[in-house]
Structures are given as C-alpha cells and as structure tokens.
Amino acid sequence: MSRAQNVEALNELDFWTSACRAAPELPVDRAIDPRHATYGQTEGLTTLLSAEQTQALLTVVPQAYHSRINDALLTALSVALADWRATRGETGTAMLVDLEGHGREDLFARVDSSRTVGWFTTMFPVRLDAGQLDIKEVKVGGPAAGVALRRIKDHLRTVPHGGIGWGLLR
C-alpha cells in the first residue's frame, strides 16, 4: 500500500479540503488576463532591512515568540495584504498561499535520508489569516504584532507532516 492510500494520509483530507474551501482571491490593482499576462507586466516591491533589523528578525523574534523565521515572514505578508485590502475598502484578512518545503518529513521508521543531498521538495497551500488587527499598532511593533505572529505561527503548526500529504492526496 502506498503512503497516499494509508489511513494516516487519508485522515488529512478534511484538513486540506477546509484549508482550500472558499479560498479568497488575491486582490489586483488592474484587470489581468491570465492567459496573456507576461512577467514583464508585473511589478515588484523591494524592502531593505538594516543589519540590526535583520539580526532582530533572525534572533530576537524567534526567541521571544518561540517561532521560526517563516512564521515572522508569513505574518508580515498576511498583515501587509490585510492592510492593502483595508486601503481598498475590503474587509477580508484571509489569504491562501503556496509554501514550499524541504520534503524530508520523518514518515517512515526504516528510511534514513541522512546521506542524501538536496531537497525532495513539497508544495502545499496554507490559509493565512492574521485576523482583524490595529495595523498602525502592528507597524510600530506593538502588542498587535505579537498577536498576529502567534495566530500565524499556531496555524502553521497545524499543517500535518510539513505539508507532504497535500501532494500525496492531490
């Protein structure tokens, strides 16, 4: 029996179905025809952090919140999108993003992947929702920032087996 057909993997089906149910569309500033859109029609946004800010992001935040760097980065994305939506008069705060993982989940007791090189790679959807927050308070690092980080961190911890089941069940 393959891993995708075993009971443990099949038990994840409800998780993945609910994560993707009624997934909100990402807002756009202008109409785009996805069949004819090109990379050249996209815009980018670059944000630079100072060495001190980077150091805090990599060390202080994870220690203070018992979190990982992805938790902080995905929280920032979630809050930024909620803020963008709010400036457009929209109320939604949820978003669905695809995350890529290393795929080295410890699923099989007798398989030792320690002598392999590289990633096996998993790709899976994650629904993020920092909830209704005081965005101004978040931007200055007030208590709302910690609330948002805890919400996103807690949600990311509910993803079973590092997301590998999504690909198996799909």
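1. Four elements, namely α4, β1, β2 (122-129) and α6, each contribute at least two residues to the lining of the second largest pocket in this predicted model. Helices (H or I, at least four residues) and strands (E, at least two) are DSSP runs, numbered from the N terminus. With 4 residues, α4 provides the largest share of this lining.

2. The second largest pocket has a volume of about 440 Å³ and is lined by 17 residues, with Arg-68, Asn-70, Leu-99, Phe-124 and Gly-162 nearest its centre. A pocket here is an open set of points on a 1 Å grid over the protein atoms alone, where a 1.4 Å probe fits, with protein on both sides within 12 Å along at least five of seven lines; lining residues have an atom within 4 Å of a point. Points are joined across faces, edges and corners, and a volume is the space filled by probe spheres set on them.

3. The lining of the second largest pocket comprises 8 nonpolar, 4 polar and 5 charged residues. Nonpolar denotes Ala, Val, Leu, Ile, Met, Phe, Trp, Tyr, Cys and Pro, charged denotes Asp, Glu, Lys and Arg, and the others, Gly among them, are polar.

4. The largest pocket holds about 1700 Å³ of space. Its lining numbers 44 residues, and Leu-45, Ala-76, Leu-77, Ala-80 and Leu-81 are the closest to its centre. The lining of the largest pocket divides into 29 nonpolar, 10 polar and 5 charged residues, and α4 gives the most, with 10 residues.

5. Residues are numbered from 1 along each chain as its sequence is written. As the model is predicted, totals for linings use all residues, whereas local features need pLDDT of at least 70.

Technical notes
Predicted model: local features only at pLDDT ≥ 70, side-chain atom pairs only at ≥ 80, totals over all residues. Heavy atoms only, no water.
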